[in-house]
Amino acid sequence: MNDWQFTAADQQVLQRIMQLRRDVRGNRFCRDEIPAAELDRILQAATWAPSVGFSQPWQFVLVRDRAAREKIAASFAEENRKAAPLFADKKREQYVQLKLEGILETPLNIAVFYTPSPQPVLGQTSINEVGEYSVVCAVQNMWLMARALNIGMGWVSILDPSTVKAVLNAPADHKLVAYLCVGYVTEFCEQPELETLQWESRRPLPSVVLTDSYPAPES
Ligand SMILES: Cc1cc2nc3c(=O)[nH]c(=O)nc-3n(C[C@H](O)[C@H](O)[C@H](O)COP(=O)(O)O)c2cc1C
């Protein structure tokens, strides 16, 4: 048994790491290499994530190759061009000003894949997506460990997954879950950039918590 008791100071540190974790884009990354020991700690943290049936259905591809990253950056540019018209008027004007990735500004990208099991997985028999949710848990562990090491991470989802898979020679049944840009930063913002820019505001806790059920529909 492990009955380790965390202190109030430990709890405070965890809360600070969670509160001060930020999505970092190319406007705030520096190009310094991440030492191997630090990268190991980030990847190790990923493997401590919970996973359905302890299936650990993840694969991490460390992408440093410039040519590969240029192809993936081109996919971002194309997808981002298609995304802009989906927003109306002022939002579109604001959207096109946003820096939404750091693929070439960071020394390291990490592609995170979901690797489905050919065998039935304990706990994954009713809701198939729980395999992918497990991979997202791993990404969050990486994000928090990186922040604890004062390393920035940004999640880029404006990509064509089939392009990324082709560039990285990923097997057909592996699914891209996350494409991450990792590097040291010039600064960590106090709050999400999208909040500072008034794109979105944080939803207050009472507005996202219900007790017992959703309200009954009005008849
Ligand atoms: C699943 C997922 C996908 C995301 N994709 C992008 C993205 O493509 N580009 C981007 O700039 N930020 C992306 N983000 C980062 C969010 O914009 C960011 O988490 C949010 O604005 C809150 O900011 P914070 O992470 O600094 O607290 C993504 C985040 C998540 C969880």
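Mentor: Start with a definition: two strands pair if DSSP finds at least two bridges between them. Helices (H or I, at least four residues) and strands (E, at least two) are DSSP runs, numbered from the N terminus.

Trainee: Which residue in E4 is the bridge partner of Ile 110?

Mentor: Leu 180. One caution before we go on. This is a predicted model, where local features need pLDDT of at least 70 and side-chain atom pairs count only at pLDDT 80 or more, while totals for chains, interfaces and linings use all residues. Residues are numbered from 1 along each chain as its sequence is written.

Trainee: What makes E2 and E4 a pair?

Mentor: Count the bridges. The cut-off is at least two. E2 and E4 (residues 175–183) have seven, in the antiparallel sense. So they pair.

Trainee: How many bridges join E1 and E2?

Mentor: Six, again antiparallel; E1 covers residues 58–63. One of the links is Leu 62, whose bridge partner in E2 is Ile 110.

Trainee: What makes E2 count as mostly covered?

Mentor: A residue is buried if 20 or more other C-beta atoms, placed from the backbone, lie within 10 Å of its own; exposed if 12 or fewer; partly exposed in between. In E2 (residues 108–114), six of the seven residues are buried. Over the protein, 25% of the 219 residues count as buried.

Trainee: Why is Thr 115 called partly exposed?

Mentor: Thr 115 has 16 other C-beta atoms within 10 Å. That falls between the limits of 12 and 20, so the label is partly exposed. Thr 115 is in the loop between E2 and H5.

Trainee: What does Thr 115 touch, leaving out residues up to four places away in sequence?

Mentor: Pro 57, Trp 58, Gln 59 and His 174. Contact means that the C-beta atoms, placed from the backbone, lie within 7 Å. Pro 57 is 58 residues away in sequence, but its C-alpha is 4.9 Å from that of Thr 115.

Trainee: Why is Phe 54 called exposed?

Mentor: Phe 54 has 10 other C-beta atoms within 10 Å. The limit is 12 or fewer, so Phe 54 is exposed. Phe 54 is in the loop between H2 and E1, and has a positive phi of about 55° although it is not a glycine.

Trainee: Why does Gln 198 count as exposed?

Mentor: Gln 198 has 8 C-beta neighbours inside 10 Å, so the 12-or-fewer rule applies. Gln 198 lies in the loop between H7 (193–196) and H8 (205–208). Its phi is positive too, about 60°, although it is not a glycine.

Trainee: What describes two packed helices?

Mentor: The angle between their axes and the distance between the axes. Axes are lines fitted to C-alpha atoms, for helices over the stretch in contact, and angles run from 0 to 180 degrees between N-to-C directions. Take H2 (residues 36–47) and H5 (residues 130–148): their axes come within 7 Å and cross at roughly 145°. On the H2 side, the contact is made by Arg 41, Ile 42, Ala 45 and Ala 46; on the H5 side, residues including Met 142 and Ala 146 take part.

Trainee: How do the residues of this contact divide by class?

Mentor: Seven are nonpolar, one polar and one charged. Ala, Val, Leu, Ile, Met, Phe, Trp, Tyr, Cys and Pro count as nonpolar; Asp, Glu, Lys and Arg as charged; the others, Gly among them, as polar.

Methods. Two residues are in contact if their C-beta atoms, placed from the backbone, lie within 7 Å.
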